[in-house]
Amino acid sequence: MIEVKNLTKSFEGRTVLHNISAVFETGKTNLIIGRSGSGKTVLLKNSIGLIQPDSGEIFYDGRKLIGMGKKELNILRREMGMLFQGSALFDSMTVLENVMFPLDMFSNDSYKEREKRAMFCLERVNLLDAEHLYPSEISGGMMKRAAIARAIALKPRYLFCDEPNSGLDPKTALLIDDLIHDITVEYKMTTIINTHDMNSVINIGENIIFIKEGIKEWQGDKHQVINSNNEALNDFIFASDLFKKVKKAGNHKS
Amino acid sequence: MNESLHRLGEYVLLMKKAIAIPDRWSMFFKQLIREIYKLGVDSLWIVVIISVFIGTVIAIQISLNINSPLIPKFTIGYTTREIILLEFSSSIMCLILAGKVGSNIASEIGTMRITEQIDAIEIMGVNSANFLIMPKIIGLMLFIPVLVIFSMFTGIIGGIGASYLDTRMTPSSFEYGLQFYFNSFYIWYSIIKSVVYAFIISSIAAYFGYNVKGGALDVGKASTNAVVMSSIMILLADVIMTHLMLT
């Protein structure tokens, strides 16, 4: 479980996050949703420790992130996996080498065992055929899957995904969503996903936090999101035709 | 002034972070071999081509300019050797390498920064500066002396070639000049200078690349700034080291 308490962050006098508190639960896909520029990425980067907040606290299963010693922080980081918006695969390495990278850095297993684990991760994301290809030789969806394989190589306890579906076609986006959800359940991870993809909200939104202009406006799950009375949330989600239809269908049933 | 001091402080802090015991030695050596090959071995051809031609031109220019019955012919070989050993193969060659290698380092690290590859390394708990920068610095410091020796050798060969082409000198007088009053310390002087230049090129380029903010345009700017700044620093270091070691 990751707990964020009273988090505030400003950049050059402009407050991007206002006193945000939230709980991200273990074994669930926790979604942070909001418009572009609402502060989602800043919240995610603060939660990971890539950006230092101005005030507030972050706890990883009771361990306080802010003020943590270098050694402890490095141990905690090894329990984290991250899927970046652009995949962030290393250009100079093949897909297999990318997945093996965290194992090469931190595992004391033999080369054969490390390779076996990397191949298992690639098989898990259905990417065995691409092991010897470079990131520039594979599609966007394959890059995301390779990045997921790299993120789970060390069996992390926490998985962070920044816009995992950006630039993907709807079918591939659904596959990526399902993969992240299945892995979350399988590894009992605390997964935080930053998204503005409404398909993801319907598909895997087990715990959703809606942010508007740096303020937490609403928290709930995919079933509650449709029927919420929060005006700001409704403005955001019903901008999508898909959601309008979902709501309409729901009203007809009732 | 404040901006310059701020940048100097950032540079020192980055070097402190980069020059540390690697998280894993096996990965460090793997990266080191890669960097030596990419930054050093791949530069061999340009060093050889430039040195042969410049060696030839230096010999021809000297023969043209000191064509006097009062000056012995072997002076052409002697002067060519001194120019190549003292200045060309170390300082001028490193200025050229600052363009090739420096821009390569700055653009590679800069691209990794804007595509979040550096963030990905940090998230894993790896010291990204140490993992990315130290192998480049050590690799270049190890291999640049090899390039300098190649440059000296091929530059002299170029000069010998000119002695066969130019009727104002003879190969025998040129070879005598090459051996005349030879001071082996000049080779060490060049090698020591080149090691310092290697540190300047790799560390400054890495600093500019590592601190890129923005997009592709900013990577290009960082690359240009890295080359300009390392060239200035090479010239400054040249003056200081020449004063310290030769006077």
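Trainee: In chain A, what share of the contacts with a separation of 6 or more comes from residues 24 or more positions apart?

Mentor: In this predicted model, residues 24 or more positions apart account for 65% of those contacts in chain A.

Trainee: And what's the figure for chain B?

Mentor: For chain B, 86% of the contacts between residues at least 6 apart in sequence join residues at least 24 apart.

Trainee: Which element holds G56(A)?

Mentor: Strand 4 of chain A, residues 55–60.

Trainee: What does the C-alpha trace of chain A span along its principal axes?

Mentor: About 55 × 45 × 30 Å. Of the 254 residues in chain A, 53% are buried.

Trainee: OK, chain B. How many helices and strands there?

Mentor: Nine helices and zero strands. Read along the sequence, the pattern of chain B is α-α-α-α-α-α-α-α-α. The C-alpha trace of chain B spans about 70 × 40 × 35 Å along its principal axes, and 49% of the 247 residues of chain B count as buried.

Trainee: Now the interface. How many residues of each chain are in contact?

Mentor: On chain A, 25 residues are in contact with 18 residues of chain B. The two chains bury about 1900 Å² between them, and 62% of that is on carbon and sulfur atoms.

Trainee: How many salt bridges and polar contacts go across?

Mentor: The rule finds one salt bridge across the interface of chain A and chain B. It also finds six residue pairs in polar contact there, with both residues at pLDDT 80 or more.

Trainee: Which helices of chain A supply at least two residues of the side that touches chain B?

Mentor: Helix 1 (40–48), helix 2 (70–77) and helix 3 (95–106) of chain A each do. Helix 3 of chain A gives the largest share of that side, six residues.

Trainee: How does that side of chain A divide into nonpolar, polar and charged?

Mentor: Twelve nonpolar, six polar and seven charged residues.

Trainee: Which side chains form the salt bridge between the chains?

Mentor: K45(A) and E116(B), with an N to O distance of 3.8 Å. The cut-off for a salt bridge is 4 Å, so this pair is counted.

Trainee: Which parts of chain A does the pair R63(A) and E79(A) tie together?

Mentor: R63(A) lies in strand 5 (residues 63–64) and E79(A) in the loop between helix 2 and strand 6 (80–83), so the pair ties together parts of chain A that are 16 residues apart in sequence.

Trainee: Are those two buried or partly exposed?

Mentor: R63(A) is partly exposed, with a relative accessible area of 26%. E79(A), at 17% relative accessibility, counts as buried. Salt bridges that share partners join D61(A), R63(A), E79(A) and R157(A) into one network.

Trainee: What about K28(A) and E25(A)? How do their side chains meet?

Mentor: In a salt bridge, 2.9 Å from N to O. K28(A) counts as partly exposed at 29% relative accessibility, and E25(A) is partly exposed with a relative accessible area of 30%.

Trainee: And E82(B) with R81(B), buried or exposed?

Mentor: Both E82(B) and R81(B) are buried. Their side chains meet in a salt bridge, at 3.0 Å from N to O.

Note on methods
Residues are numbered from 1 along each chain as its sequence is written. Chains are lettered from A and ligands numbered from 1 in the order in which they are written. Side-chain values use heavy atoms; hydrogens and water are left out. Contact means heavy atoms within 4.5 Å. Buried area is the accessible area (1.4 Å probe) that two parts lose on being put together, summed over both. A polar contact is a pair of N or O atoms within 3.5 Å; within protein, one must be able to donate a hydrogen and the other to accept it, and residues adjacent in sequence count only if both atoms are side-chain atoms. Helices (H or I, at least four residues) and strands (E, at least two) are DSSP runs, numbered from the N terminus. Ala, Val, Leu, Ile, Met, Phe, Trp, Tyr, Cys and Pro count as nonpolar, Asp, Glu, Lys and Arg as charged, and the others, Gly among them, as polar. Buried means under 20% relative accessible area, exposed over 50%, partly exposed in between (1.4 Å probe, protein chains only).
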